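Subject: Structure for your files

Hello,

Please find the structure below, followed by notes on what was found in it.

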Amino acid sequence: MAKTPNKILIVDDEEVIRNICQRSLESRGYTVQLAENGIKALEYLRQESFEVVFTDFKMPMMDGIELLEAIKRDHPHVEVVIMTAFATIESAIYAMKEGAFDFILKPVKPDQIRIVANRCFDRIKLGEENKALRLANEKLTELQNMKNKFIAITSHELRTPVSHLKGYVGILADEYAYQLSDQEKKQCMQVISDAILDLEEIVTNMHNLIHMESSETTLKSEKVDIAGLVQQSVSAYQLTARKRKQEVKVGASAEKLVVTVDRAQIKGVLNELIQNAIKFTPDGGKIEVSAQRDGDYCLVCVKDNGIGIPSSEQGLIFEKFYEVQSSDHHSSSKEAFKGGGLGLGLPSVRAIVEAHGGGVKVKSGKGKGKGTEFQIFLPINGQKKSRKGRQLNS
Ligand SMILES: Nc1ncnc2c1ncn2[C@@H]1O[C@H](COP(=O)(O)OP(=O)(O)OP(=O)(O)O)[C@@H](O)[C@H]1O
Ligand SMILES: [Mg+2]
């Protein structure tokens with residue numbers, strides 16, 4: 001429905017009143033449409049968009065109150081002004097209670113019509129400004145909450161690796177460090193190297209978050225052997241999984257699949273899902289990653305037999321900073337069961353997959369060991385799609 005700003009509908013069965021109103025309002029730049037009864041008025045309202053209706057009270061077929069009720073029911077944003085003779089002023093007051101903006105006593109005067117119309121549009125403008133302010137305010141509150149959460153979680157996450165670095169570098173730099181055995185020095189170096197990896201992961205997640213928000217990222221369009229990519233990611237996590245006595249393996253893949261994607265981004269997706277599976281699966285658990293064709297899509301599944309995700313939380317885990325377990329369980333040690341993070345991995349996964357024109361699904365059973373399965377659908381032949389600025393190159 002095309003919308004002309006400042007559009008007024010005049011409804012009156014007397015032609016002379018309609019004409020006075022029209023001349024008076026058009027002389028002030030308003031766009032005016034005339035209707036001789038309520039039925040016609042409702043027809044115009046269905047076809048076009050009006051901000052204000054001036055209606056007579058006493059009309060054949062449908063009176064002003066009936067028209068007001070129909071307008072408030074079907075077009076609640078439209079302001080209604082009742083035009084009435086002194087004899088029916090009580091009905092006009094009733095109309096005000098029913099949501100009319102104002103009433104004008106007949107015989108109508110051109111000045112009076114203009115004044116009421118101006119007030120009406122002032123109120124509409126104020127309402128729109130209020131709405132815009134309310135939305136801006138909600139957005140600010142959301143950003144503020146996110147910032148607070150970001151600071152709380154990030155500082156919590158940073159504290160452990162930073163204190164490890166400080167402590168163990170201190171040991172190695174100490175004047176008695178020469179007394180350390182080779183084995184002890186190696187252990188110190190291992191803790192330092194793990195802490196650096198943790199810090200690197202936090203920085204990567206923060207980087208991904210910024211890119212998710214920005215409109216600069218452009219996806220590459222590369223032909224990728226998806227089974228090879230899965231194998232690479234699984235191999236990269238063998239050592240971590242072994243430390244947790246977990247088995248991470250590639251599931252049977254029906255055929256060799258070449259998919260047009262941004263290789264680095266999809267590798268990041270696989271890594272994130274495998275990392276989550278390792279984190280949220282107890283020691284000794286099993287993780288399987290597979291890739292297969294599903295119509296025009298490539299379906300990649302990362303399945304674990306870990307702690308699972310309650311169904312009430314499954315829609316929330318893709319929100320930034322959302323974590324099912326409380327941040328009290330945070331641990332930067334990736335070897336600890338339920339090692340936490342920033343809650344940025346899955347939002348990033350979804351943004352990347354959707355930017356490829358694909359989608360993400362999660363399935364998780366109730367009860368211990370039922371596990372979780374993330375399913376990633378990617379269009380095999382690539383798909384141009386612009387979302388939050390990301391797009392595939394052709
Ligand atoms: N495989 C899984 N099993 C059980 N819960 C999971 C699994 N994957 C994700 N979750 C839940 O979803 C939450 C959000 O996951 P997400 O990857 O976004 O954050 P994170 O892993 O906690 O932190 P980050 O990825 O930023 O290091 C997790 O904190 C966890 O509660
Ligand atoms: Mg994660």
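In β12, Ser 364 has Thr 372 as its bridge partner. Helices (H or I, at least four residues) and strands (E, at least two) are DSSP runs, numbered from the N terminus. The model is predicted: local features need pLDDT of at least 70, side-chain atom pairs count only at pLDDT 80 or more, and totals for chains, interfaces and linings use all residues. Residues are numbered from 1 along each chain as its sequence is written, while chains are lettered from A and ligands numbered from 1 in the order in which they are written.

The sheet

β11 and β12 run antiparallel and are joined by six bridges. Strands β10 (residues 297–304) and β12 (residues 372–379) also run antiparallel, with eight bridges between them. Across that pair, Cys 301 is opposite Gln 375 in β12, and Cys 298 has Leu 378 as its bridge partner in β12.

The open sheet has five strands, ordered β7-β9-β10-β12-β11, with mixed pairing (two strands pair if DSSP finds at least two bridges between them). β7 (247–250) and β11 (359–364) are at the edges with a single partner strand each, so one side of each has no neighbour in the sheet.

Ligand 1

There are 21 residues around ligand 1, and Phe 280, Glu 323, Val 324, Gly 341 and Gly 345 come nearest (a residue is near if its C-beta atom, placed from the backbone, lies within 6 Å). α9 (263–279) and α10 (345–355) are the elements that give two or more residues to this shell.

Regards
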